[in-house]
Amino acid sequence: MPEFSVPSLQQEEHLLRDHVQRLARTGESAWAIYVHLSRLRIDARREPVRTVAARPFDLVTRDRNATLYMLSNGDLVLVCLDLRIEDVDSALDTLRSLVIDDPLIVEDQQTGDDRFTSWFDLSDCGDIDELEDKLSRLADGAAPALPMKRGQPDRTPLKTEELGEVERRLLDVRVADLIRRQPTVDVHFPGRQTILFREHYVAMAELARRVAPGADLLANQWLFEYLTEILDRRLLAILGRTDFEATEDPISLNLHLSTLWSPDFQAFHQRVRSMAEGLIVEIRLVDALSDVAEFGRAREWLSKRGYRVLIDGVSPLATQFLDISPLKPHFVKLQWSRDVPTQRPAAPTPELAALLNRLGHDRIVLSHVDSEEAIRWGLAFGIHQFQGFFVDRLVDAMSIKGLI
Amino acid sequence: MIGATAEARRAMPSQDQLLLDYLRHLESHQEGRGAIHLRLSKLQAFNRREHHIRAAAEAFDNLVASRDGQLFFLDNGDLLLIYALDRHGGVETAVQSVRYFFGDDPLLGEFQGGRHAFCRWYDIASQFEELVGLAQGLVDRSGPEREETRAVGTRPHSLQRRTPYGKPLTPGVLARLKAAVERTDLANMIRRQYVCSLDGNGMPAPIFSELFVSIPDLTETFVPRVNITANRWLFRHLTESLDRRVLSLIRGNDQFTISGDVSLDLNVTTLLSTDFLAFDEDMPAFRRGALLLEINIVDAFADLRTFLFARNFARQRGYRICIDGVTGETMTLLDRERLGADFLKLRWSPGLAKLPGDRCRQLGALIGRAGVSHVILCACEDRQAFEFGQSLGIRYFQGRHIENLIAEDNRRRELLRVKLRLRNRRG
C-alpha cells in the first residue's frame, strides 16, 4: 500500500531559501531549475514516488556541483553551480519520460511550451526575487495542495485487522437513511423528461463515519470492494421493500458482478421483475474486467429480463487503452475529473471520439460533474447526459421553479 | 521437504471419501433421510464457476446450519445433500431456486431414463445401495484425478477453477494469514513454472520461469481447510503481502535467478513501494532485463494513472512488463502496445476450444495484432490447450502440460546419457 509521508514542515523550503540567499551574497554564478511536479496529476508528495522522481538527479548531485531540494508540495529544485546543461537536460528527460502520459506534458509537447520546468539565474536579482517569492508562499502553506488520488489524508487507511469489525458493523448498522437518489439528466429534453434515471446509492462518507470512524475506507481498493460487496446486499434488501410503483423515474443501482449470483439478488429480482424496464444495473469497469465472460453472461441474463446494464467508472484515460464497446452496455458512465485535459480548442482525443461514435451518444453519461467546466467539456464531445453534484444543484433549482 | 508435503496432501480425505464414510455411518440409521444430487458437473462450463457453485450451496445454508442437512462438495463439482425427510419441503424450495439460477442451461430441460438430468432425488431407506454405489464410484474414479488436483494446485496463484474446497476466507482469518505471511520464511513454498516455446520436434525450450508462492502449501501450512481464493478482493489484498515476501526472498539470493530469466507477480502498489526500490537497488543493471514483472489487468485499471507511472518507471529501469489475467474475451478490449506491455498472458480454458469458427478466427486476429511473440498461453493443462494455442499462432506456453513435456524431455535426455555411458563402457 502506498505510504503517505509529509516531509518535515517546509524545512526544505527554508534550507533552499538560505542557500539562495548565500549565493546571492557571495556572487557565485549559479542557476536553479524548478521542476513543477505539483502541476502533474500524479501525487509527487507520496513516497516512494518522491524518491523515484528524485533519482534521475543522483548523477548530477553526486559530485556536489548541484544540490537537490524536495519541497513539501512535491516540487523539486535543483541548484546548480558548475554543471553542463547537457547533464541537467539528460536528468530532466529521464524524469519527463516517467510522466510522459501526463496531460500537461502531452500538451506542452504539442504547443512547445514548458510548464514543467522554470529556470532561474541566481546572479540576477529579478530571478532571485521571483524564486524567493515562490518559496515564501510555499513555506506559508499558501500553495494549494493537489487533491489526493485516493482517500482522505486526515484519516488512516483501513487496516486488515480492522476489516472484520467493520464488516460486522456494516451488517448491523442503519443504512436506510443514508440512501441518496442522484439523478442523471438529459439536456436534450426539457421539463419532466429531463430526468433519465436516479441512481440509488449509499452515502459513503457518512457510512464510513458509522462503521469505521477515523479510518479511510477508500485507501485500499480491494478492501473497499470487499466491503461494498457486502453493502450491495443491504441495499438490495432495503430497496426490495420499496414500493416501485410509486417511483416515476427509472432507478439505477451499483452492484458487483458477484452480487448478481447471490440469493439476495434473486429475492430482489422476484420482487421487482415486473418493473425490470425501469431498472438499470450499474457495474464498475474494474469489476467487469475481472471476468469479462462473466460480465457478458450477466448482461445477457439481465437484458433478457428487461433490465438495462450500465458500465460505471470509465475514465477518459482508460478509453485510450481499452475499447469497451464489445461489452455492449446499454449505458456507459464516463467519469469526469479535473484530470481530464481541457483542450484548446475543444477537440476529442481520437479514441474517445471513436468510442462515443461506436456506442452512440445516447448511451453516454458524464458523471462526477462538479462544475460548469465539466458540462461544457461534455457538450463539446456531443455528450448530453450528465450526473453529479453540480447537476443536483441545477435539478433542485428547476424543481423549485416548477420546471421539473 | 516437497516430498513430505505431498505425503501430507495425499493423507487428507476428499469430500467423496467423506460422503462414503458418512453413508456407511448411516447404514444403521437409514430411515427418515433423503438425498439430493445436484449434477453441476454436467452444466455448461461457464455455469460452473466457483461463485455459481457457492451460490447454489448457499441455498442450503439454513438446513446445514440447523443440522438437518449435510452438504458435500464432490470432487467432480457436484453437490450432494443428505437431509432429514421432514425438511423435504425446504429442500425442494432450495432446489427450485437453484434450478431457477441455472435456468438458461440446456441441462435443466434434459431427462435421462425418466429422471431429471440435473438433480436426482434419493430416499435413503429404499435406495441405500444405489447411493453407496454412486459414492463408491466417485471415490474410485477420482483417485487418480485427485493427484491431478494436487498438481493443479501448483499453478501460479490464480483463481482455482475446480470445486471450492474449504470455507471461504473471512477478514479475521485473512488478518492472521497476512500477519503469518509477513513474518515467515516462505522459501519452501516458492515454486517455479516454465514458459516455453516448442521447437520443430515438439521439444520444450524454456524462455523464462515464473516464481510464485504455492497456494495449496500456503493454505495447508497456515489456514487448512480454508479457500483463500474464494473472494477475489480479499485474495488480491493478500497478494500484496505475498509479492513483497517473494521480492525479499529473491533479493540478494541468486539461487532463484541464476538459472535464467524469471518473472514475478507484482501489484502496482508493490512496484511503487520502498521494498521494490530496495530490491531494484540491489539488482545490477544488466540483470534487470532478465526480470519480467507480471501485473494483473484488474490491478492496472484500478488506478490507471499510477499503473502508467509504475510501468514507465519499471521499463526505464530495464524490466519487462507482462499483463496477466487476460482471457479470450478480454483480448477483444485490449491493445497490448498502447498498454506498454512486453507480454500478455492469455489464460487457457476448455471453453476456448468450443468457440465457434468466427469467434476463433477473431481471437486469432487479436493475437496477431498483439504479436504472436508477445502472447503467452498459460494454464495449459493438457494437449488440447497446447494444440489450440498453436492453431492460433501462439508461440509461448505455460502450464501443467508443458511441465510434463519438460519432465519427459529430461527423462529422455537422461536415458540417452545412460545409453551413451553404457556404449562407452562396452566399447
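How many helices and strands does chain A have? In this predicted model, chain A contains 15 helices and 14 strands. Its chain length is 404 residues, of which 41% count as buried. Among the contacts of chain A with a separation of 6 or more, 68% are between residues 24 or more positions apart.

Chain B may be described in the same terms. Its secondary structure comprises 21 helices and 16 strands. Chain B has 427 residues, and 39% of them fall in the buried category.

On one side, 48 residues of chain B take part, and they are in contact with 52 residues of chain A. On the chain B side, the elements that each supply two or more residues are helices: α3 (50–58), α7 (171–183), α9 (232–250), α12 (274–282), α14 (297–302), α15 (304–317), α16 (328–331) and α17 (336–339) of chain B. Of these, α15(B) provides the largest share of the side that touches chain A, with eight residues.

The composition of this side of chain B can be stated by residue class. The residues of chain B that touch chain A comprise 21 nonpolar, 16 polar and 11 charged residues.

How values were computed. Residues numbered from 1 in each chain as written. Chains lettered and ligands numbered in written order. Predicted model: local features only at pLDDT ≥ 70, side-chain atom pairs only at ≥ 80, totals over all residues. Helix = DSSP H or I, 4+ residues; strand = E, 2+ residues; numbered from the N terminus. Buried ≥ 20, exposed ≤ 12 C-beta atoms within 10 Å, placed from the backbone. Contact = placed C-beta atoms within 7 Å. Nonpolar A, V, L, I, M, F, W, Y, C, P; charged D, E, K, R; others polar.
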